[in-house]
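Visitor: I am new to this structure and would like to learn how to read its features. Where should we begin?

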Amino acid sequence: MASNNGLAKIETQKMKEEICHDDSSAPVKAQTVDELHSLQQKKKSGPNTPIKVLNQSAFGSEVDRNKQQLQSISASLASLTRETGPKVVKGDPAKQAETPKEVMGSSRGNNLLQKYEARLRTIDPCGPALPRTPQLYEQAIQYEKGSFITSSGALATLSGAKTGRSPRDKRVVKDDTTSDELWWGKGSPNIEMDEQTFLVNRERAVDYLCSLEKVFVNDQFLNWDPNNRTKVRIVSARAYHSLFMHNMCIRPTPEELENFGTPDFTIYNAGKFPCNRYTHYMTSSTSIDLNLARREMVILGTQYAGEMKKGLFSVMHYLMPKRQILSLHSGCNMGKDGDVALFFGLSGTGKTTLSTDHNRYLIGDDEHCWSDHGVSNIEGGCYAKCIDLSREKEPDIWNAIKFGTVLENVVFEEHTREVDYTDKSVTENTRAAYPIEYIPNAKIPCVGPHPKNVILLACDAFGVLPPVSKINLAQTMYHFISGYTALVAGTEDGIKEPTATFSACFGAAFIMLHPTKYAAMLADKMQKKGATGWLVNTGWSGGSYGSGSRIKLAYTRKIIDAIHSGDLLSANYTKTEVFGLEIPTELEGVPSEILDPVNAWRDKDAYKETLLKLGGLFRKNFEVFANYKIGADNNLTEEILAAGPNF
């Protein structure tokens, strides 16, 4: 197609609406930067602490995995001649060490790589938590508008216009290898791009980072399992991003840092600097690009820190299964006798609440691996939602928000700097990122034996799923692939009907392979290690939302306690209609009439109608998986399909 000037028009890929469910947030409605900052404080008058408006700063850093990458970065730096490196403070804060000038780009060999890497280690060490944290506080407050110290000691920051992830702007390079290995097409989070476009965006990000006076470099680890630890390097333009990743990844000791070597994966985060939206495959000024062959990720046009966290999670979803290690979007805790439980669930199902138990050790709240050695947390921190947070409901999270914690997009009182967690002026997706050591009952190191129980959580607003069901391996695979919960629609237009939501593997936005591959690995490990599957409904009983009532948290806790103790295994069971779920006839501390959903409904016909409606929604969602072939001729087994609704 030719344009008006006679040149060929580049056809960019148009996005379909068929995209997996995720918890991303809408952009901030503020039209200007000043308007955005005004939302952060309760009063719009000037703050007590003056903030000098300066250009963001950072200083260049880059160590690539191989000669090809080194040549690429060297080419980007070829015309750059400037003073590099920060003035490292040692001893007297008023006295700053001199950093020698160095011309970058004349060399293409290992000598440049070694000098560059050595300078990174000297410039921006990623050591133990506290020695690094004060420096990042100082950098953020001095150079990043919207950064303040709150009354609890946490650092409040703003992520700009994007207060959530941008899944429609995430791209994965499709090459000969990934074309066959990854999940593409309807329902998949993987949107393709080519190698050339990735390199264009990579060079744009690197050039921007190199134009700054300071950048921040984190050398850290993923996965607490020492046999499968992954080395990552994050190069970013903001101190806030550096502190965020410092909290979220595993922090190396000084000795580990000294011998860190070449990273397994590198992120170049250019933050607010946009991509060229006229570049092929781009649909906006935001682009999050993943190249698995080069083991690199490029971020342009968004300052939301969660893109880095979840980008690395996607990488682990690709790398770990290649080692026969199952990557999981789940919470995980362990009893005092060593019994481990995995908790899967989408937003609003109670995953965080139920996996946080003062009588059990917290292995992790969000991302895990299950290997031949047992389970291990991928991360070194927690990323907790803060909306409506209170000391009474979530005391552990409340107490973890202290010096070293990053608070994203919260609103606070101008003079006292006390945070109002009920305020949604900036976004509803307010977050806190803190080291896992801030949780009193965290198990350090964050590893445990093989899981004894696998708990799938659903908040069923239709009110037809039982409060607890014991599920076999086929049913576990079916419901794991489905990833169901139900949301209550907004009330602005008067609609109060529940809306079914499905997210494959309870994290479709992050998985790289087809869901059936993760489900098959889960079933195999459960079978070999003797783990039991459970489906727990934390939603409604006695009717749908609006007529029934939500199952009391106290009852759900009794159910979870009975799962942990093993008492529920010895209960008497009966089977439900349509879904064929095994449910206990009685359980101490839980009213027997709610254990079987039909008994809690007064209108039995309405129950049957609603049950069939939900079953139909499950079937429709599963159509995209039912005909998928693994390899040349391996369809989903009839056993898994039979584990779904039968009517």
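Guide: Begin with a term: a polar contact is a pair of N or O atoms within 3.5 Å. This is a predicted model, and one case lies at the start of α17, where a side-chain oxygen of Asp 603 comes to within 3.2 Å of the backbone nitrogen of Asp 605.

Visitor: How many helices and strands does the protein chain have?

Guide: The secondary structure of the protein chain comes to 18 helices and 34 strands. The protein chain has 647 residues, and 56% of them are buried. As for contacts between residues at least 6 apart in sequence, 75% join residues at least 24 apart.

Visitor: What span should helix α17 have, going by its residues?

Guide: The general idea is to take 1.5 Å times one less than the number of residues. Helix α17 covers residues 604-626, 23 residues in total, so it should span 33 Å; the C-alpha atoms at its ends are 31 Å apart, which agrees.

Visitor: Which residues of α17 are buried?

Guide: Buried means under 20% relative accessible area. In α17 the buried residues are Tyr 607, Thr 610, Leu 611, Leu 614, Gly 615, Phe 618, Phe 622 and Phe 625. The elements they pack against include α12 (473-482), β26 (484-488) and α13 (515-529).

Visitor: What does the span of α13 come to by the same reasoning?

Guide: Helix α13 has 15 residues, so at 1.5 Å a residue it should span 21 Å; its end C-alpha atoms are 21 Å apart, in agreement. Its buried residues include Pro 515, Tyr 518, Met 521, Leu 522 and Lys 525. After α13 comes Gly 530, which has a positive phi, near 75 degrees.

Visitor: How many cavities does a search of the whole structure find?

Guide: The search finds 8 cavities of 30 Å³ or more. The largest cavity has a volume of about 110 Å³. It is lined by 14 residues, of which Arg 165, Lys 170, Glu 307, Ala 509 and Phe 510 are the closest to its centre. Helix α9 (residues 306-319) supplies the largest share of the lining, 4 residues. Sorted by class, the lining has 7 nonpolar, 3 polar and 4 charged residues.

Visitor: Is Ser 166 buried or exposed?

Guide: Ser 166 has a relative accessible area of 8%, so it counts as buried. It is found in the loop between β4 (155-157) and β5 (170-173). Leaving out neighbours within four places in sequence, Ser 166 is in contact with Thr 286, Ile 288 and Glu 307.

Visitor: Why does Leu 553 count as partly exposed?

Guide: Leu 553 counts as partly exposed because its relative accessibility is 46%. Its place is in helix α14 (residues 553-565). Not counting residues up to four places away in sequence, Leu 553 touches Thr 353 and Leu 354. Leu 553 and Thr 538 are 15 residues apart in sequence, and their C-alpha atoms are 7.7 Å apart in space.

Visitor: Where is Thr 637 found?

Guide: Thr 637 is in the loop between β34 (634-635) and α18. At 40% relative accessibility, Thr 637 counts as partly exposed. Along the chain, Thr 637 and Ala 474 are 163 residues apart, while 9.4 Å separates their C-alpha atoms.

Conventions
Residues are numbered from 1 along each chain as its sequence is written. This is a predicted model: local features need pLDDT of at least 70, side-chain atom pairs count only at pLDDT 80 or more; totals for chains, interfaces and linings use all residues. Side-chain values use heavy atoms; hydrogens and water are left out. On a 1 Å grid over the protein atoms alone, a cavity is a set of points where a 1.4 Å probe fits but cannot get out, and a pocket is an open set with protein on both sides within 12 Å along at least five of seven lines; lining residues have an atom within 4 Å of a point. Grid points are joined across faces, edges and corners, and a volume is the space filled by probe spheres set on the points. Helices (H or I, at least four residues) and strands (E, at least two) are DSSP runs, numbered from the N terminus. Ala, Val, Leu, Ile, Met, Phe, Trp, Tyr, Cys and Pro count as nonpolar, Asp, Glu, Lys and Arg as charged, and the others, Gly among them, as polar. Buried means under 20% relative accessible area, exposed over 50%, partly exposed in between (1.4 Å probe, protein chains only). Contact means heavy atoms within 4.5 Å. A polar contact is a pair of N or O atoms within 3.5 Å; within protein, one must be able to donate a hydrogen and the other to accept it, and residues adjacent in sequence count only if both atoms are side-chain atoms.
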